[in-house]
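Q: I have a structure here and want to go through a few parts of it. Can you take my questions one at a time?

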Amino acid sequence: MKLVVVGSSNMDLVISLPRIPAIGETVLGGKSSMIFGGKGANQAVAALRSGGDVAYIAKVGNDLFGDNMKNHFEREGFRTDHILTDPNEPTGIAQIFVSEKGENSIAVAPGANMKLLPKDIEPFKDLIKNSKVVLLQLETPMETIEYIAAIAYKNHVKLILNPAPAQKLSEELLKKVWLITPNETEATLLTGIEVMDVASATKAAGHLLKMGIKNIIVTLGENGSLLCNEKGSEHFRAFRAKALDTTAAGDVFNGALAVAITNGESLEKAINFAAAAAAISVTREGAQPSIPTRTEIDNFLNLAQR
């Protein structure tokens, strides 16, 4: 496999309600849905649908949700022997309340995701060593992320780190990262520089560059993204799209970006490809249901260039 994605897989349990319940309150009249989610899974599915040669490593529980996920990944085209099962911890879930006003309240029980340990990754060392790119996020144990980063760095495999959810990272880890893709909040936490626009993003990216990271892409939502490396910095505008649901747009961007890089595209072309994938995804509801195919992305880019 040219691209290896390691990360979380959650079952998102979404309830739409007139309002979010207060403590001790029960609110009736909600519509419920069960959606496959988790940053690792979202990015892996985005990469696969973008035409990538992808292996996805994750851990689920020995329960109904875990079985459903394995069936889902098999339908998508992944090898299910890379999806591990924890005998004790349940599959990760996110309970999401959404009000009529669009407000949300989210509780996450990571479950088996936090049991994806270095010993689980060891059988896949050769898979990682022989890949071109490894894509990671921060919804699995930090010791596992550091273990994978060390393997990739030692074997000259490009490591892309999407530092989400936002948290502080060691300089030792950051020096092993070939490309980091923080959003405004994550870039602010990593650097201590408040990122609000292109100018402040440029300043924060410069700080990350000094910490040893070779390439930085700060994603700025509707304001596009900023690329910074030793060549300088460049701002890329976002494609115009009527946003219906921005859930997982960042994950779609990262998955598509990793595929383009794996295929040997320049960072500039990779960003353009990833931005198109993300623009399509925000016009649809849900996380993985919103992820476009390679044909859809290519068609979108062809129309945009006319």
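The chat below covers some strands, a lysine and several salt bridges.

Q: Before we start, what kind of model is this?
A: This is a predicted model, in which local features need pLDDT of at least 70 and side-chain atom pairs count only at pLDDT 80 or more, while totals for chains, interfaces and linings use all residues. Residues are numbered from 1 along each chain as its sequence is written, and side-chain values use heavy atoms, with hydrogens and water left out.

Q: OK, strand β12. Is it buried or exposed?
A: Five of the five residues of β12 (residues 225-229) are buried, so the strand is largely enclosed by the rest of the structure. Buried means under 20% relative accessible area, exposed means over 50%, and partly exposed is in between (1.4 Å probe, protein chains only). Strands are DSSP runs of E with at least two residues, helices are runs of H or I with at least four, and both are numbered from the N terminus.

Q: Which residues point which way from β12?
A: Ser225, Leu227 and Asn229 point one way, and Leu226 and Cys228 point the other way. All of them are buried.

Q: And which strands pair with β12?
A: Strand β11 (residues 215-219) pairs with β12 in the antiparallel sense over five bridges. Strand β13 (residues 232-236) also pairs with β12 in the antiparallel sense, over five bridges. Pairing here requires that DSSP finds at least two bridges between the two strands.

Q: Which residue is the bridge partner of isoleucine 217?
A: Leucine 227, in β12. On the β13 side, serine 225 stands opposite phenylalanine 236.

Q: How many residues sit between the strands of each hairpin?
A: Five between β11 and β12, and two between β12 and β13. In the turn between β11 and β12, glycine 221 has a positive phi of about 60 degrees.

Q: Changing topic: lysine 31. Where is it?
A: Lysine 31 is in strand β3 (residues 31-37). The residue is exposed, with a relative accessible area of 63%.

Q: What does lysine 31 contact?
A: Leaving aside its neighbours within four places in sequence, lysine 31 is in contact (heavy atoms within 4.5 Å) with Val14, Ile15 and Ser16. The C-alpha atoms of lysine 31 and serine 16 are separated by 5.0 Å, with the two residues 15 apart along the chain.

Q: Now salt bridges. How many are in the whole structure?
A: Nine. The criterion is a side-chain nitrogen of Lys or Arg within 4 Å of a carboxyl oxygen of Asp or Glu.

Q: What does glutamate 25 form a salt bridge with?
A: Arginine 19, with the closest N and O atoms 2.3 Å apart. Glutamate 25 is partly exposed at 28% relative accessible area, and arginine 19 is partly exposed at 45%.

Q: How about lysine 59?
A: Lysine 59 and aspartate 86 meet through their side chains in a salt bridge (3.6 Å, N to O). This pair links distant parts of the chain, with lysine 59 in strand β4 (residues 54-61) and aspartate 86 in strand β5 (residues 83-86), 27 residues apart.

Q: Are those two buried or exposed?
A: Both lysine 59 and aspartate 86 are buried. They are also linked with Asp120 in a network of salt bridges.

Q: Last one: which residue does arginine 284 pair with in a salt bridge?
A: Glutamate 296, with the closest N and O atoms 2.8 Å apart. That pair also links distant parts of the chain: arginine 284 is in the loop between α10 (267-281) and α11 (294-304), and glutamate 296 is in helix α11, 12 residues apart. Arginine 284 is partly exposed at 26% relative accessible area, and glutamate 296 is partly exposed at 30%.
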